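Here's a quick walk through a two-chain model, going from the contact between the chains to the details inside each one. Have the viewer open as you read.

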Amino acid sequence: MLDLYGVEITSRLFLGTARYPSPKILADAVRTSRTEIVTVSLRRETAGGKAGGSFLDLIAALGVRILPNTAGCHSVREAVTTAQMAREIFQTNWVKLEVIGHHDTLQPDVFALVEAARILSEDGFEVFPYTTDDLVVAERLVEAGCKVLMPWCAPIGSAMGPVNLPALRAMRAHFAEIPLIVDAGLGRPSHAAAVMELGYEAVLLNTAVANASDPVTMAGAFADAIEAGRAGFKAGLLEPRDMAVSSTPVIGKAVFS
Amino acid sequence: MHALVRGAGVAGLTVAFELRRHGHAVEIVDRAGYVGAGASGLAGGMLAPFCEGESAPESVTRLGRAAAEWWEAALPGHVGRNGTLVVAPPRDTGELKRFATRTTCHEWLDEDGIAVLEPALAGRFRTALFFRDEAHLDPRAALGALKEWLADDGVRFRFDASSPGTDFDAVFDCTGSAAIGTVPGLRGLRGEMLYLETEEIALSRPVRLLHPRHPLYVVPRGGNRFMVGATMLEANVGGPISARSLMELLNAAYALHPAFGEARVIETGAGVRPAFDDNVPRVLRIGNAIHVNGFYRHGFLLAPAMAREAVSLLERVPA
């Protein structure tokens, strides 16, 4: 079981809800992913929309826990306001905090992120910060009150997979007690398995599933890969070595010559 | 049979047209006061079943294939059958490959091929996808012409709030996003678009610009006007276009050709598209009415097929 701010979670896959071909396909993907947590971006248009007949009704009908996010926010104030609106709308203290610093790479503005995390934590929010793999920033986020960290493994939507495995490994070693969730950049199920093998607690996906030709099947493929990676980590992985090691004991074998 | 059609958008007018073809008397009511007051009047008017296949289920491509013929037969001269051109900025050519793997009936063009089709775009893109069999029309002109044809054919239009009476054998509800909350499962998606006017560039067909975050299109409308659309926001909200959407639509047009930077913005608009959870339209019998709704962004593409289905329902089950 994974403990996130006192909530016990079984599934180690979090699913984003944006950019699916239709809400029906999203709902089917949520089912095959076996996820318990979906993240939803709150836009002004959504917040100000009429009740009923909206996407948010469909999200609520999915029957899974909602982690609102501040996607698209570029400043501390914007992110804090969005988080506060999300708390009202979704009735949750959880927030996936994104403060984007660069329009093209969607890289987090880590300075604004730490400040927003502090403000929101003091306001009673339970913050899931989208951050880089920088250890010092991660330390500051923990100091600011974050009890979960969500580092990227590559830029959002890039599908590059873990481009810096040593950094992810260092982060795991450095924050042994903090749940770590890879938040962005995964493209393939094998990428998800690879980060789970490092001992990461969970993976958050959106584009890799939503933009697949068959999102429903892809969601299941990721779910399987994440479970396999986690099981592999728990089972104890072998370290690679340069030389062959026979799988059959050689000693005592008859010698013919 | 005497039929009432509620809603004078693309759904209502195509249903009325099919009803007239079957010899039924038709009355159309729309409280907005004119045709195409809802999403129809803001539509791109692309009859692009193959491009839409990129994200839509197979049924959309299948049902949409006959749309161009239907519109050409109903409104001769209104349909431009020059295909669709799909391009991507140099750094996003991966998107073009992805688009190609998910669509059918297209061919790859090189720089020369693009220049032959659209001289204005010569040298601007190395490669493009061309969907030869696709078509487009001007939604407002088409709806206006359809209304005229129907009126000449004896269809009565009632554009006020007065009650149309109850002595109808059949009622077709084609009220689009106004039916959200009434038709179960119907939701609203905000869409925004704008019109540019410039003499400096000419296009012969809709051009789609792929971008990982904002796939947008520019449709030539004649008279040096171009429609640029359209955003897709999961929100049941109308009202004016937002600054961000305006900026993104203008960026797309500018990326297609810098001449659009000098164009005049002659109109902006925003509306709500009605859609079901699978984004596929439906014909539903609710109470005494036959509802034709949920066209998402496929009004002109799928209205003919859905109108035929709705009217055939009437033929099978006489009221």
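## Where the chains meet

Chain A and chain B bury about 1,900 Å² between them, and 48% of that area sits on carbon and sulfur atoms. Keep in mind that this is a predicted model. On the chain A side 23 residues take part in the contact, and chain B brings 22 residues to it.

How many salt bridges turn up across the interface of chain A and chain B? Zero, by the rule used here. Search the whole structure, though, and you get 30 salt bridges over all chains.

## A salt bridge inside chain A

One salt bridge to look at joins the side chains of R31(A) and D28(A), with 3.0 Å from N to O. Both residues belong to helix α1 of chain A, which covers residues 23–33. Why are they separated by about one helical turn? Because R31(A) and D28(A) are three residues apart in that helix.

## Two helices crossing in chain A

Packed helix pairs are described by the angle between their axes and the distance between the axes. For helix α6 (residues 135–143) of chain A and helix α7 (residues 165–174) of chain A, the axes come within 11 Å and cross at roughly 35°. The crossing of α6(A) and α7(A) is right-handed.

On the α6(A) side, the contact is made by L135(A), A138(A) and E139(A), which meet A170(A), M171(A) and H174(A) of α7(A). Sorted by class, that contact of α6(A) with α7(A) has four nonpolar residues, one polar and one charged.

## The sheet in chain B

Over in chain B, six strands make an open sheet with mixed pairing, and the order is β8-β2-β1-β9-β16-β15. The edges belong to β8 (156–158) and β15 (282–286) of chain B; each has a single partner strand, so one side of each is left without a neighbour in the sheet. From one strand to the next, the twist averages 20°.

Within the sheet, strand β9 (residues 170–173) of chain B pairs with strand β16 (residues 289–293) of chain B in the parallel sense, over three bridges.

## A helix across the strands

Which strands of chain B does helix α1 (residues 10–21) of chain B lie across? They are β1 (2–6), β2 (25–29), β8, β9 and β16 of chain B. Helix α1 of chain B runs at about 170° to β2(B).

Conventions. Residues are numbered from 1 along each chain as its sequence is written. Chains are lettered from A and ligands numbered from 1 in the order in which they are written. This is a predicted model: local features need pLDDT of at least 70, side-chain atom pairs count only at pLDDT 80 or more; totals for chains, interfaces and linings use all residues. Side-chain values use heavy atoms; hydrogens and water are left out. Two strands pair if DSSP finds at least two bridges between them. Helices (H or I, at least four residues) and strands (E, at least two) are DSSP runs, numbered from the N terminus. Axes are lines fitted to C-alpha atoms, for helices over the stretch in contact, and angles run from 0 to 180 degrees between N-to-C directions. Contact means heavy atoms within 4.5 Å. A crossing is left-handed if the near helix is turned anticlockwise from the far one by less than a right angle, and right-handed if clockwise. Ala, Val, Leu, Ile, Met, Phe, Trp, Tyr, Cys and Pro count as nonpolar, Asp, Glu, Lys and Arg as charged, and the others, Gly among them, as polar. Buried area is the accessible area (1.4 Å probe) that two parts lose on being put together, summed over both. A salt bridge is a side-chain nitrogen of Lys or Arg within 4 Å of a carboxyl oxygen of Asp or Glu.
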